[in-house]
Amino acid sequence: MAMQAAEIEAMIQEAFPDATIEIEDLRGDGDHYAATVVSQAFAGKSRVAQHQLVYKALKGKMGGELHALALTTRAPA
Amino acid sequence: MSLDEATKQRITKEVTDNEVVLFMKGTPVFPMCGFSAASVQILSHLGVRFKGINVMEDPAIREGIKAYSDWPTIPQLYVKGEFAGGCDIMKEMYMSGELSQFMAEQGIELDPAA
């Protein structure tokens, strides 16, 4: 069972209320997305830590229903 | 994501005994997934010698590595025993030049001509 872009966005938004989020469906199969997430929550954190926060927001879906999420994260400039 | 003690020790040994380890799907010569293939290419371009571990042949490692690093996907790069990221982060660091700088800081020999 694949995921919808809106569902991914909603889960990330819930965890990062201040975030601006862009989701791109890379292949139209509901399995391969790219996401750019900009949030103050990432400030001062390593890339690994930033991505781990997003994976937690996806509550275990990453690597399961969601096969691929090319993730770009940063704090607001 | 489960991680039994025996698997944890096996992973620890691999990332301790080898300076650079890539837990991947397939092998460096025959990667079985686009992200693993991209990661191998990046390391090869930098001329970094690394050990590729094929998680497809080892279900305990395939699941255990995700709990070990608290990272839900494969491939996973380890440098000097520390988790350094998956394919996204490797790409981003490679494009910005940070990856070669990071490797140099970790005392990893780069041989771009390789």
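Contact here means heavy atoms within 4.5 Å. This is a predicted model, so to speak: local features need pLDDT of at least 70, side-chain atom pairs count only at pLDDT 80 or more, and totals for chains, interfaces and linings use all residues. Residues are numbered from 1 along each chain as its sequence is written, chains are lettered from A in the order written, and side-chain values use heavy atoms, with hydrogens and water left out.

**View 1. Helix H2 of chain A and its cover.** H2(A) spans residues 47-57 (helices are DSSP runs of H or I, at least four residues; strands are E runs, at least two; both numbered from the N terminus). Its buried residues (under 20% relative accessible area, 1.4 Å probe, protein chains only) include A:Val48, A:His51 and A:Tyr55. After the helix comes A:Lys59, with a positive phi near 45°.

**View 2. Where chain B meets chain A.** Here 15 residues of chain B touch 14 of chain A. About 1,200 Å² is buried between them, 56% of it from carbon and sulfur atoms (accessible area lost on being put together, 1.4 Å probe, summed over both parts).

**View 3. The B:Glu92–A:Arg47 salt bridge.** These two side chains pair up at 2.9 Å, N to O, and the rule finds three salt bridges across the interface (Lys or Arg side-chain nitrogen within 4 Å of an Asp or Glu carboxyl oxygen). On chain B's side, S4 (82-85) and H4 (87-96) each give two or more residues, and H4(B) gives the most, with four.

Key. Buried area is the accessible area (1.4 Å probe) that two parts lose on being put together, summed over both. Buried means under 20% relative accessible area, exposed over 50%, partly exposed in between (1.4 Å probe, protein chains only).
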